[in-house]
Amino acid sequence: MTVSLPLVLVLGLIAWGAVKFLGVRTWIVIVIALFGFLLSRTFVAPAIDSGTRSGVDIVNGSHD
């Protein structure tokens with residue numbers, strides 16, 4: 001059985017778990033999310049996108 005989850009959902013669950021179980025403050029999660037949002041509008045966005053896709057392909061064991 002194959003289950004497909006969006007990366008944003010997985011990262012959201014990790015953030016929720018960090019707040020709930022590790023004691024990370026909610027405002028820190030919000031600041032990091034805003035930083036990522038603003039970073040996506042800069043010249044490093046293509047590199048981040050490429051790196052994220054490569055990492056997901058490695059985890060999934062791409063079937064090309």
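These are my notebook entries on what I looked up in a predicted model.

**Ground rules**

I number residues from 1 along each chain as its sequence is written, and my side-chain values use heavy atoms, with hydrogens and water left out.

**Helices**

I took helices as DSSP runs of H or I with at least four residues (strands would be runs of E with at least two), numbered from the N terminus. For the expected span of a helix I multiplied 1.5 Å by one less than its number of residues.

I began with α1, which has 15 residues and reaches 21 Å from its first C-alpha to its last, close to the 21 Å expected. After α1 comes G23, where I noted a positive phi, near 80 degrees.

Just after α3 I found G61 with a positive phi of about 65 degrees.

**Single residues**

For accessibility I call a residue buried under 20% relative accessible area, exposed over 50%, and partly exposed in between, with a 1.4 Å probe and protein chains only.

From V8 to D49 I counted 41 residues in sequence, and the two lie 13 Å apart in space, C-alpha to C-alpha.

V29 belongs to helix α2 and is partly exposed, its relative accessible area being 25%. Between V29 and V19, which are ten residues apart along the chain, the C-alpha atoms are separated by 8.0 Å. I also looked at R53 and F43, again ten residues apart along the chain, and there the C-alpha atoms are separated by 17 Å.

**Salt bridge**

I searched with the rule that a side-chain nitrogen of Lys or Arg must lie within 4 Å of a carboxyl oxygen of Asp or Glu, and the count came to one salt bridge. Which residue does D49 form a salt bridge with? The partner of D49 is R53, with the closest N and O atoms 3.2 Å apart.

D49 and R53 are four residues apart in helix α3, so about one helical turn separates them. I reminded myself that an α-helix has 3.6 residues a turn, so residues three or four places apart point the same way. At 37% relative accessibility D49 counts as partly exposed, whereas R53, at 54%, counts as exposed.

**Aromatic pair**

Rings of Phe, Tyr and Trp (its six-membered ring) pair if their centres lie within 6.5 Å, and I call planes under 30 degrees apart stacked, over 60 edge-to-face, and the rest tilted. Searching the whole structure, I found one aromatic pair. The rings of W16 and F21 have centres 5.8 Å apart and planes at 90 degrees, so I recorded the pair as edge-to-face. F21 counts as exposed, at 63% relative accessibility.

**Pockets**

On a 1 Å grid over the protein atoms alone, a pocket is an open set of points where a 1.4 Å probe fits, with protein on both sides within 12 Å along at least five of seven lines, and lining residues have an atom within 4 Å of a point. Grid points are joined across faces, edges and corners, and a volume is the space filled by probe spheres set on the points. I class Ala, Val, Leu, Ile, Met, Phe, Trp, Tyr, Cys and Pro as nonpolar, Asp, Glu, Lys and Arg as charged, and the others, Gly among them, as polar.

The largest pocket has a volume of about 370 Å³. Of the 16 residues that line it, L7, L11, G36, I48 and T52 are the closest to its centre. Helices α1 (7-21), α2 (26-39) and α3 each supply at least two residues of this lining, and the largest share, six residues, comes from α1. By class, I listed eleven nonpolar, four polar and one charged in the lining of the largest pocket.

The second largest pocket holds about 190 Å³ of space. Its lining takes two or more residues from each of α1 and α3, and includes P6, V10 and N60. I sorted this second lining into six nonpolar, three polar and no charged residues.

Definitions and conventions
This is a predicted model: local features need pLDDT of at least 70, side-chain atom pairs count only at pLDDT 80 or more; totals for chains, interfaces and linings use all residues.
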